[in-house]
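Subject: Structure for you to look at

Hello,

Here is the structure I said I would pass on. Please open it first, then read the notes below with it on your screen.

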Amino acid sequence: MSAPASRHPGRREQEVRRLRDLLRSALLADRFPGGALPPENELMAAYGATRAAVREALAMLRAEGLIERLPGVGTHVMVDPPRTDMDEALGVKRGAMYTFTTPPRILDRSTVPAPPTLAASLGIEPGEPVLRLEYVAMNEGLPAAVATNYVVFPEAERLLATPFHGHWYQLMADAGVVLGESEFVIDCVAADPMAAGLLDVPPGFPLLAIEQTIADPTGRVIDVAFLRIRPDRFRFVSRAAASDLL
């Protein structure tokens with residue numbers, strides 16, 4: 001049986017998609033003064049679009065939760081996610097991603113025996129005790145990520161005795177834990193019902209899934225973490241220069 005023919009979007013659909021992308025980029029870059037989008041007729045003139053295309057593009061942005069349209073008030077931006085460089089996101093330097101105004105919501109802070117697969121990642125014997133510290137990171141009062149960290153001793157002992165008020169790297173610094181290299185594996189997953197409830201998204205919502213290992217300056221792994229991050233809470237920025245080989 002032959003595969004069904006793929007459907008190519010029509011010209012009007014393409015127009016709506018392109019307009020949506022242009023408006024989305026502009027509003028997330030804070031290019032509309034005061035967060036207020038221009039009236040429909042001004043958008044039509046500025047982007048060379050039909051009224052129907054403008055309305056459909058705005059409907060798509062509203063469905064994303066990026067704008068709100070109120071009769072007699074106009075169209076306003078509803079979110080302002082901080083731009084954060086990738087090296088900020090990976091903990092290499094501090095920036096918008098680590099300027100949290102709301103303390104994390106701690107879900108679990110207990111000592112547990114390391115199962116074999118985790119023990120192998122941490123370079124310890126199966127069954128050795130590790131600190132499991134699980135929390136919801138908050139960004140301006142809104143849930144941004146769920147993280148489960150497994151930390152070896154003696155570093156775990158210091159973390160148990162240290163108040164957790166800000167972000168993970170601040171906790172490590174406050175506890176006197178010196179960090180070396182980190183490794184990140186990043187992919188995308190659909191939110192399971194539990195993660196969806198913690199992050200205030202519907203089940204199936206796309207989340208960034210990160211597996212992280214943190215080593216001390218000698219290369220000894222001290223922390224293995226599993227994170228689920230709402231990508232709509234941040235805008236990740238990466239810059240690179242062309243290599244001499246290109």
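Leaving out residues up to four places away in sequence, T148 touches R132, L133, E134, V224, A225 and F226, where contact means heavy atoms within 4.5 Å. The side chains of T148 and E134 are also joined by a polar contact of 2.5 Å. A polar contact is a pair of N or O atoms within 3.5 Å; within protein, one must be able to donate a hydrogen and the other to accept it, and residues adjacent in sequence count only if both atoms are side-chain atoms.

Before going on, some notes on the source. This is a predicted model, in which local features need pLDDT of at least 70 and side-chain atom pairs count only at pLDDT 80 or more, while totals for chains, interfaces and linings use all residues. Residues are numbered from 1 along each chain as its sequence is written, and side-chain values use heavy atoms, with hydrogens and water left out.

The chain as a whole

The chain has 8 helices and 10 strands. Helices (H or I, at least four residues) and strands (E, at least two) are DSSP runs, numbered from the N terminus. Of the 246 residues in the chain, 37% are buried. Buried means under 20% relative accessible area, exposed means over 50%, and partly exposed lies in between (1.4 Å probe, protein chains only). Among contacts with a separation of 6 or more, 55% are between residues 24 or more positions apart.

In what order do the 6 strands of the open sheet come? The order is 4-5-6-9-8-7, and the pairing is antiparallel. Strand 4 (105-113) and strand 7 are the edge strands, since each pairs on one side only. On average, neighbouring strands of this sheet are turned by 15° against each other, direction ignored; the angles run from 0 to 180 degrees between N-to-C directions, and the axes are lines fitted to C-alpha atoms, for helices over the stretch in contact. Two strands count as paired if DSSP finds at least two bridges between them.

T148 belongs to strand 6 (residues 142-151). With 9 of its 10 residues buried, strand 6 is largely enclosed by the rest of the structure. T148 itself counts as buried, at 10% relative accessibility. On one side, 9 bridges join strand 6 to strand 5 (residues 129-139), and the two run antiparallel. A137 stands opposite A145 in strand 6. Strand 5 and strand 6 form a hairpin with 2 residues between the strands, and E140 there takes a positive phi near 55°. Strand 6 also pairs with strand 9 in the antiparallel sense, over 7 bridges. Here T148 stands opposite F226, and the bridge partner of N149 is A225.

Strand 9 (residues 221-229) is in turn joined to strand 8 by 8 bridges, again antiparallel. One of the pairs is L208 with I229 in strand 9. Strand 8 (residues 206-215) has 7 of its 10 residues buried, so it is largely enclosed by the rest of the structure. Strand 8 is also joined to strand 7 (residues 182-190) by 9 antiparallel bridges, and D187 has A209 in strand 8 as its bridge partner.

The turn between strand 8 and strand 9

Strand 8 and strand 9 form a hairpin with 5 residues between them, and G219 in the turn has a positive phi of about 95°. D216 is in the loop between these strands. Is D216 buried or exposed? D216 is buried, with a relative accessible area of 12%. The side chains of D216 and T218 are joined by a polar contact of 2.6 Å. Apart from neighbours within four places in sequence, D216 is in contact with V178, L179, G180 and I222.

The buried residues of helix 3 (residues 51-63) are A53, V54, A57, L58 and L61. They cover an arc of only 130° around the axis, which puts them on the same side of helix 3; the arc is that of the directions from the helix axis to the C-beta atoms. Their cover includes helix 1 (11-28), helix 2 (40-47) and strand 1 (67-70). After helix 3 comes G65, whose phi is positive, near 80°.

In helix 1, V16, L19, R20, L23, A26, L27 and L28 are buried. Helix 2, helix 3 and strand 10 (235-237) are among the elements that cover them. Helix 1 is followed by D30, with a positive phi near 60°.

Regards
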